[in-house]
Amino acid sequence: MTDPIADYLTRLRNAIKAKHRVVDIPASNLKKEITKILFDKGYILNYKFVEDGPQGSIKIALKYDTVNKVNAIKALTRISTPGLRRYAGHKDMPRVLNGLGIAILSTSKGVMTDKEAKELNVGGEVLCYIY
């Protein structure tokens, strides 16, 4: 697999379109950090790290509106790819949907959102946009 982050986002996107409650994704440290950010920002209901086999997996419970059956995640967009890396400095941090969405960055201080990176004055690789 050449792009595990794109695979992670695609599995989430497909589970949302199929109206699944839970999605199972192969684990890595970067995917675990992205999952923690999605939970902290309220885009997913819950998550669980399952240690089975050498790699393990992540079980993610998707969050739906109880009345309209609409998911909390509207769009997942991969920005930096293995063929074309996209970086942003602390001064030119991307704004997703005028601040309504989040950009997830991989920085020297760990994986964080665009707002946290701007507060800490660090730049990094823009992994994806979520809104």
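**Y43**

I started with Y43, which is buried at a relative accessible area of 9%. My cut-offs: buried is under 20% relative accessible area, exposed is over 50%, and partly exposed is in between, with a 1.4 Å probe and protein chains only. Y43 sits in the loop between α2 and β2. Helices here are DSSP runs of H or I with at least four residues, strands are runs of E with at least two, and both are numbered from the N terminus.

Before going on I noted that this is a predicted model, where local features need pLDDT of at least 70 and side-chain atom pairs count only at pLDDT 80 or more, while totals for chains, interfaces and linings use all residues. Residues are numbered from 1 along each chain as its sequence is written, and side-chain values use heavy atoms, with hydrogens and water left out.

What does Y43 contact, leaving aside neighbours within four places in sequence? I listed L38, K63, A72, I73, L100, G101, I102, I130 and Y131. Contact means heavy atoms within 4.5 Å. K63 is 20 residues from Y43 along the chain, and their C-alpha atoms are separated by 6.6 Å.

**The sheet β1-β3-β2**

Next I looked at the open sheet, three strands in the order β1-β3-β2 with antiparallel pairing. I call two strands paired if DSSP finds at least two bridges between them. Ignoring direction, neighbouring strands are turned by 20° against each other on average. For angles, I take axes as lines fitted to C-alpha atoms, for helices over the stretch in contact, and the range is 0 to 180 degrees between N-to-C directions.

I then checked β2 against β3 (residues 57-62): they pair in the antiparallel sense over six bridges. I44 stands opposite L62 in β3, and F49 has I58 of β3 as its bridge partner. The β2-β3 hairpin has six residues between the strands, and G53 in this hairpin takes a positive phi near 80°.

**Helices on the sheet**

Which strands does each helix touch? Helix α1 (residues 4-17) packs on the sheet and touches β1 and β3, its direction making about 165° with that of β1. Helix α2 (residues 29-40) also packs on the sheet, touching β1, β2 and β3, and its direction makes about 155° with that of β2.

I also looked at the two helices together. Their axes, α1 and α2, come within 10 Å and cross at roughly 40°. α1 and α2 are therefore oblique to each other; under 35 degrees would count as roughly parallel, over 145 as roughly antiparallel, 65 to 115 as roughly perpendicular, and the rest is oblique. The crossing of α1 and α2 is right-handed, meaning the near helix is turned clockwise from the far one by less than a right angle. On the α1 side the contact is made by P4, I5, Y8 and L12, and on the α2 side by L30, K31, I34, T35 and L38. I sorted the residues of this contact into seven nonpolar, one polar and one charged. For that count, Ala, Val, Leu, Ile, Met, Phe, Trp, Tyr, Cys and Pro are nonpolar, Asp, Glu, Lys and Arg are charged, and the others, Gly among them, are polar.

β6 (residues 102-107) and β7 (residues 110-113) pair in the antiparallel sense over four bridges, with a hairpin of two residues joining them. I104 has T113 in β7 as its bridge partner.

Buried or exposed, I asked of A103? A103, in strand β6, counts as buried at 0% relative accessibility. Leaving aside neighbours within four places in sequence, A103 contacts P94, V96, M112, T113, D114, C128 and Y129.

Most residues other than glycine have a negative phi, so I looked for exceptions. L97 has a positive phi near 55° and lies in the loop between β5 (87-88) and β6. L97 is partly exposed at 46% relative accessibility. N98, in the loop between β5 and β6, has a positive phi near 55° as well. N98 is exposed, with a relative accessible area of 65%.

**D3**

Last I checked D3, in the segment before α1. D3 is buried at 13% relative accessibility. Not counting residues up to four places away in sequence, D3 touches R78 and P82.
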